[in-house]
Amino acid sequence: LYRKIREEGDRASLTQDGKKMSLLVNAGLTANVEMEQFKQGDGIGLYRTEIPFMMRERFPSEREQCELYKSVLSQHPSKEITMRTLDVGGDKPLSYFPINEENPFLGWRGIRLTLDHPDIFLVQVRAMLRASIGLSNLHILLPMITSVNEVDEAKRLIKQAFLEVKEEASSENQMLSKPAVGIMLEVPAVMFQLDQLAQRVDFFSVGTNDLTQYLLAVDRNNTRVSSLYSSYHPSVLGALCQIQQSAAANKVPVTVCGELAGEPLGAVILMAMGYRKLSMNAHSLRKINWVIRNTKITEIEPLLPEILSQQSPEQVQGLLNKYLDSKG
Ligand code: PEP
Ligand code: MG
C-alpha cells in the first residue's frame, strides 16, 4: 500500500469518478519545505502566523513580518495563500506577552486579543499587505470568530491598513490587490449565524480541532478526557454538514483545515458531505490524495444519511472503515 501511495500520491487529485479535489497545505514556518513535499498542492490553506511569533523573544517588527510573508507569497505566486492573523492565547503562549487566566481556551484568544490590541493587528495586516504588493494571492483568515461584530471590526481595520499601504504602493507605481478576507468557523456560536457571516466574507475555513473541542466541551489537550474528544462524534458531523450546505447556498468557498481533513476516514466523510477543499499537514498529502483517487463520490454520497444517523463516533468510524477496506 505504501508503494501505491508513493506512486499515486503526486498525481492530480481527482476522485475515481473524475471530481476535482483541492488539496492545500497547513504551514507555519517558511512554508517552502511543506510545499516542496507536494508539488501539485493547490496552495496553502492555513499559514499559522503565530508559530514564527512563538519562536521569538519579542514581537517581530512590521519589516521582519513583511519579509517572512513575502518569502511565502512570492514562492507560490499563482497559488492561493491563506494567512491567518495571530491566533495566540489558549494553548499557544507568547513568552513576551504573558496571559494568566483560569480558562485560557474560553479567554483571550485569537481575534479577541488582536481586536483589543489593534496596534498588533494593524502591524500584522500591513506587513501582509506590503508583502503582497505586485502579487494577488493573499487571503487573510480571522481566527476564533464568535460574532458578526468581530468580523465588521476586523474588516474595518483591514480596510484602514489597505488604504495606507495602497497609498504607498501607488506613489511608487506598484500594484496592491485587495486581499480575500475569510473567517475560521471553530466556535459553535457561528452555526446559528452562518448566513449573516457568509454575507460579510469571501471564504470560510472550518477548524475542526476547535469546533470539536467547543461543541463537545472537551479540552483538546487534556489526556484525561481524550477518549471523549472525537471529530467523528455525530454532533460534530451534523455541524460540518450544515456548514457545507450553508456555504454552498451562499456561494462562499469553504475549506476544512482541522486535523480531520488529513485523516483518511475524515477526508471520505467530508467529501461525502460535499467539501471539495481540504487543507492538511504536508505529511498527510500523499495519503489523502491516494484516498481521493480511490474514492467515488457517487458511492460515498449515498452512505451519508446512514453515517449521520449513527449514535457514536465508533459506529461512524466502523462504517467508514468498511468503505475504505473495500477499496483495498
Ligand atoms: C482548528 O482549530 O481546527 C485549526 C485548524 O486551528 P488551530 O489548530 O491552529 O487552532
Ligand atoms: Mg483553532
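A residue counts as buried here if 20 or more other C-beta atoms lie within 10 Å of its own, as exposed if there are 12 or fewer, and as partly exposed in between, with C-beta atoms placed from the backbone. This is a predicted model, where local features need pLDDT of at least 70, side-chain atom pairs count only at pLDDT 80 or more, and totals for chains, interfaces and linings use all residues. Residues are numbered from 1 along each chain as its sequence is written, and chains are lettered from A and ligands numbered from 1 in the order in which they are written.

**View 1. The whole protein, before zooming in.** You'll find 15 helices and 8 strands (DSSP runs numbered from the N terminus: H or I of at least four residues for helices, E of at least two for strands). The radius of gyration, taken over C-alpha atoms, is 20 Å, close to the 20 Å that the globule rule (2.2 Å times the number of residues to the power 0.38) gives for 328 residues, so the protein is as compact as a globular protein of that length. Buried residues make up 41% of the 328.

**View 2. Helix α4 and its buried side.** Helix α4 runs over residues 62–75 and reaches 20 Å from its first C-alpha to its last, close to the 20 Å expected at 1.5 Å a residue (that is, 1.5 Å times one less than its number of residues). Q65, C66, L68, Y69, V72 and L73 are the ones buried in α4. They sit on the same side of α4 because they cover an arc of only 170° around the axis, going by the directions from the helix axis to the C-beta atoms. Their packing partners are β2, α3 (50–54), β3 (80–84), α6 (118–131) and β4 (138–142), with contact meaning C-beta atoms, placed from the backbone, within 7 Å.

**View 3. Helix α9 and what covers it.** In α9 (residues 208–216), T208, D210, L211, T212 and Q213 are buried. Their cover includes β5 (180–185), β6 (203–206), α10 (234–249) and β7 (254–256). Just after α9, look for A217, which takes a positive phi of about 55°.

**View 4. The shell around ligand 1.** L46, R48, D87, E186, G207, T208, N209, D210, C257 and G258 surround ligand 1, each with its C-beta atom, placed from the backbone, within 6 Å of it. By class, the shell has 2 nonpolar, 4 polar and 4 charged residues (nonpolar: Ala, Val, Leu, Ile, Met, Phe, Trp, Tyr, Cys and Pro; charged: Asp, Glu, Lys and Arg; polar: the others, Gly among them).

Conventions:
Contact = placed C-beta atoms within 7 Å.
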